[in-house]
Amino acid sequence: TWHLKKIPQIVKERTFSLDSPKFEAKTNLELNSVCGIECQRKLPVPSLSDLKNLLSYETVFENGTRTLTEVNVLGAVLDPAANTTTQRPLRKKRQVYGTDSRFSIYDKRFMTNFPFNTAVKISTGCSGILVSPKHVLTAAHCLHNGKDYVKGSKRLRVGLMKTKSRGNGRKRKGTSDGMPSFQWTRVKSTHIPKGWFKGVSGDIALDYDYAVLELKRPHKRKYMELGISPTIKMMPGSMIHFSGFDNDRSGQLVYRFCSISDESNDLFYQYCDAEPGSTGSGIYLRLKEPNKKKWKRKIIAVYSGHQWVDINGEQQDYNVAVRITPLKYAQICFWIHGNDENCTQG
């Protein structure tokens, strides 16, 4: 069951103008030197002033101007056991090894209907998910490398799926069934939490690898609601689902589901088969609504991608996702609605 949680408040304090970014960073869909499972266990719990700094955010507008918004955090519960993780599993191989458990979605009835129609393509090479009539959730590193915005993010566009057909259901020459084409929409503004920037976190902090894009024009499709990420124990079979546009299956929507193996307060570690291109996909669960028989899907994490980390002097790899905690729910919800009145219960 989805459990309602009282959400902390993110309150806007001040907004400053910043210099326009250079937009010169290279897009890197695989990150190195990030804080892995062991490192996460040793992280101190952030103080209230740390949280205010980490959750302040930059906004970049379509014309290249940039602002920094400082926030206050009200009602946050600082958990002293924040970064404890479950028992470390036996190390498995991940990304795509051996049997590939991904599914390419070809059937137009599935592709253009919920939940698959919520998956979108980002023009920098990532995926994302529709979270409102005009907002998309994706990974921060699809747009910013910690120091500067990536090339191509100045004229950022989002591709919404449509199937290739032209009036009367006739197929165009040279197209195949089930290959989506995209209706591209310009992005009006982009929000990235300050916790993602190297100057603030000291190094790349995967905990803040998420961003919200505001589209120039609203779409009329069904989108997926945000949810608070439950612990592994509260998930049926600890199973998660996500769809994206993996690079090795060009032009195809790829769906997968798998179980989570380990968790910290802010991250899920799992072995879902995934290739670059699916980064930024919304990870969702299907749980029952409280006191109802209806099932509902909600986004509970953002897929950050395949990561290499230094563990005891050795490079090891895993697939990781950023959990939507009550604080992150409050921030993303504030970005979508522009106020916190609609964000009190998650």
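The structure is a predicted model, in which local features need pLDDT of at least 70 and side-chain atom pairs count only at pLDDT 80 or more, while totals for chains, interfaces and linings use all residues. Residues are numbered from 1 along each chain as its sequence is written, and side-chain values use heavy atoms, with hydrogens and water left out.

The secondary structure comprises five helices and 18 strands; helices (H or I, at least four residues) and strands (E, at least two) are DSSP runs, numbered from the N terminus. Of the 346 residues in the protein, 54% are buried. Here buried means under 20% relative accessible area, exposed means over 50%, and partly exposed lies in between (1.4 Å probe, protein chains only). Contact means heavy atoms within 4.5 Å. Among contacts between residues at least 6 apart in sequence, 74% join residues at least 24 apart.

The interior comes next. A nonpolar core is a set of buried Ala, Val, Leu, Ile, Met, Phe, Trp, Tyr and Cys residues joined through side-chain atoms within 4.5 Å. The largest such core has 65 residues, and Leu55, Leu137, Val158 and Leu226 have the most contacts inside it. Helix 5 (residues 326-337) gives this core its largest share, eight residues. Apart from it lies another core of 17 residues, including Ile240, Phe268, Ala301 and Tyr303.

Leucine 137 belongs to strand 8 (residues 135-138) and is buried, because its relative accessible area is 0%. Not counting residues up to four places away in sequence, leucine 137 touches Gly128, Ile129, Val131, Ala211, Val212, Leu226, Gly280, Ile299, Val302, Ile324 and Ile332.

What does helix 5 look like? At 1.5 Å a residue, its twelve residues should span 16 Å, and its end C-alpha atoms are 16 Å apart, which agrees; the expected span is 1.5 Å times one less than the number of residues. Helix 5 is mostly covered, with ten of its twelve residues buried. Among the buried residues are Leu327, Lys328, Trp335 and Ile336. Glycine 338 follows the helix and has a positive phi, near 80°.

Rings of Phe, Tyr and Trp (its six-membered ring) pair if their centres lie within 6.5 Å; planes under 30 degrees apart count as stacked, over 60 as edge-to-face and the rest as tilted. Eight aromatic pairs are found in the whole structure. Tyrosine 57 and tryptophan 335 form an edge-to-face pair, 5.4 Å centre to centre with 75° between the planes. This pair links distant parts of the chain, since tyrosine 57 is in strand 3 (residues 57-61) and tryptophan 335 is in helix 5, 278 residues apart. Both tyrosine 57 and tryptophan 335 are buried. The pair of phenylalanine 182 and tryptophan 184 is tilted, because the ring centres are 5.7 Å apart and the planes are at 50°. Phenylalanine 182 is buried, with a relative accessible area of 16%, whereas tryptophan 184, at 34%, counts as partly exposed. One aromatic cluster is formed by Tyr57, Tyr208, Tyr210 and Trp335.

Charged side chains meet some of these rings. A charge sits over a ring if NZ of Lys or CZ of Arg is within 6 Å of the ring centre and within 35 degrees of the ring normal. The charged end of arginine 157 sits over the ring of tryptophan 184, 4.7 Å from its centre, and that of lysine 328 sits over the ring of tyrosine 208, 5.4 Å from its centre.

Most residues other than glycine have a negative phi. Phenylalanine 23, which is not a glycine, has a positive phi of about 55°. Phenylalanine 23 is found in the loop between strand 1 (9-18) and strand 2 (31-34) and is buried, with a relative accessible area of 9%.
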